[in-house]
Amino acid sequence: MPDSNSKQFIRRLRDAIDEREPIDTPEFRAEAVSNEVNRAAWRRYALLESAVEETRDRQPTVDLGEAVLTALRSSAPNEATVDRAVSARTADTIAESRRRFGRMALALSTIAALVLFALLTRPPRDTASQPIAVAPDRSGNDGDAIANGGSQPIPEPVPEQQPEAEIDELLADATAAYRGLARETRFAFADLALFVPDFKPNDAEVPMPPMETDEGWAPPSLRNGFDRTLDLLIENSDEATRT
Amino acid sequence: MTVAADLELVERCRNGDDVSLLRFVERFQGIVFGLCFRMLGHRQDAEDTAQEVFVRALKSLHTWDRERPLKPWVLAIAANRCRTALSKRAKRPTPTEFLVHPVTEEVGPDRDDLAEELQLALDELREEYRLCFELFHFQELGCDEIGRILDRPSGTVKTWLHRARRELARFLERRGVAPRARFELEAIHPPSS
């Protein structure tokens with residue numbers, strides 16, 4: 001068992017190595033020969049130091065310049081091909097999205113026209129439910145009319161021209177159009193969501209994962225979150241339309 | 001090389017200047033290949049991995065933080081690539097070429113090749129100890145910088161370094177490796193008996 005002096009000596013040896021200071025000094029040597037524990041510890045670390053020195057002096061050499069340039073050049077065309085393929089697919093998706101947006105705009109204008117038409121043609125609710133044929137007498141002899149046993153002419157209800165049915169029909173049309181629009185919107189936004197990239201960290205700038213585990217770290221997919229949000233919105237708008 | 005020179009070199013590389021790309025590789029190939037060789041213990045694997053390191057580094061130069069030195073950034077990529085290569089190797093069936101250095105207790109007359117013995121000892125170390133030792137002693141990075149590369153606190157790096165040294169020293173001792181003459185205590189202080 002090393003005594004406290006030896007423990008201190010070993011600690012100072014380790015500190016010196018940590019600070020890149022030499023351990024082959026007269027001070028360390030003098031302490032090393034004082035007992036067997038010190039001697040063994042000093043000899044062990046000195047052996048390691050000399051092995052490191054020798055390895056450093058004999059660094060393996062290699063010339064990677066041309067190989068790296070060749071690898072860079074050969075990888076560049078492949079990436080360009082991939083880029084072109086992605087660009088073509090993206091262009092198709094954009095064209096399709098534009099067509100869908102056009103249809104959406106048309107559907108929106110139709111709905112707006114229907115709603116405007118319904119508002120303009122719908123008669124006021126109180127007039128329609130209680131049509132008055134004769135205007136009430138406002139001459140101030142209401143009391144006389146009552147006293148005379150209701151000789152005042154009673155207004156006859158005017159038969160409705162079925163405006164409610166027409167309005168309901170218009171509203172049903174508008175509702176169907178809105179649902180169609182909601183479906184179109186879902187498709188259009190689903191296309192847009194394609195442009196939201198799945199985020200993947202760059203190997204060069206990301207810290208290494210813990211060394212004991214090989215679990216890769218990845219943030220939650222932005223695209224999936226976006227899809228789920230859209231679905232929720234469309235479902236809620238469907239619910240609102242039904243009610 | 002100064003930070004300004006690093007910046008200029010990186011800018012030229014990003015513009016695709018072949019001469020600068022070659023200069024970049026020449027500047028770092030010694031340390032990158034050395035790290036790969038000592039981590040993987042196999043020359044061909046080290047060459048392949050070092051090449052991957054440069055291709056990856058040159059393609060991602062835009063991610064380099066200009067406020068920090070270039071060398072630790074390159075070494076971080078190299079360390080990651082070595083770890084990947086080692087994990088791929090672990091999943092493969094072990095080829096016989098990696099079994100050329102069986103560890104034995106025997107002491108032979110040719111135990112004086114310290115560099116070779118150290119490489120054998122490094123091969124026996126845990127991967128994270130080996131990486132710490134390599135980055136500290138051969139790449140001369142500080143514990144803080146190593147901690148950043150390994151995503152560990154510098155205290156953990158220090159502990160790993162001490163354990164790495166202790167295990168390496170014991171391995172060399174078991175192998176009967178003799179230190180150089182200048183490390184013999186008796187040369188200066190003969191034991192008093």
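## Contact between chains A and B, and a helix pair in chain B

In this predicted model, 14 residue pairs are in polar contact between chain A and chain B, with both residues of each pair at pLDDT 80 or more. On the side of chain A that touches chain B, the elements that give two or more residues are helix 1 (4-18), helix 2 (26-32), helix 3 (36-57) and helix 4 (65-121) of chain A, and of these helix 3 gives the most, with 17 residues. By class, the residues on this side of chain A divide into 27 nonpolar, seven polar and 20 charged.

The contact as a whole takes 54 residues from chain A and 68 residues from chain B. The size of an interface is often given as the accessible area lost when the parts come together; here the area buried between the two chains is about 5700 Å², of which carbon and sulfur atoms give 59%. Four salt bridges are found across the interface, and in one of them the side chains of Asp113(B) and Arg58(A) meet at 3.0 Å, N to O.

Within chain B, the axes of helix 6 (residues 127-138) and helix 8 (residues 154-174) come within 8 Å and cross at roughly 95°, which makes helix 6 of chain B roughly perpendicular to helix 8 of chain B. The contact of these two helices has nine nonpolar, one polar and four charged residues, and the table lists the residues that meet.

| Helix of chain B | Residues in the contact |
|---|---|
| Helix 6 | Glu128(B), Tyr129(B), Cys132(B), Phe133(B), Phe136(B), His137(B) |
| Helix 8 | Val157(B), Trp160(B), Leu161(B), Arg163(B), Ala164(B), Arg165(B), Glu167(B), Leu168(B) |

Key. Residues are numbered from 1 along each chain as its sequence is written. Chains are lettered from A and ligands numbered from 1 in the order in which they are written. This is a predicted model: local features need pLDDT of at least 70, side-chain atom pairs count only at pLDDT 80 or more; totals for chains, interfaces and linings use all residues. Side-chain values use heavy atoms; hydrogens and water are left out. Contact means heavy atoms within 4.5 Å. Buried area is the accessible area (1.4 Å probe) that two parts lose on being put together, summed over both. A polar contact is a pair of N or O atoms within 3.5 Å; within protein, one must be able to donate a hydrogen and the other to accept it, and residues adjacent in sequence count only if both atoms are side-chain atoms. Helices (H or I, at least four residues) and strands (E, at least two) are DSSP runs, numbered from the N terminus. Ala, Val, Leu, Ile, Met, Phe, Trp, Tyr, Cys and Pro count as nonpolar, Asp, Glu, Lys and Arg as charged, and the others, Gly among them, as polar. Axes are lines fitted to C-alpha atoms, for helices over the stretch in contact, and angles run from 0 to 180 degrees between N-to-C directions. Angles under 35 degrees count as roughly parallel, over 145 as roughly antiparallel, 65 to 115 as roughly perpendicular and the rest as oblique.
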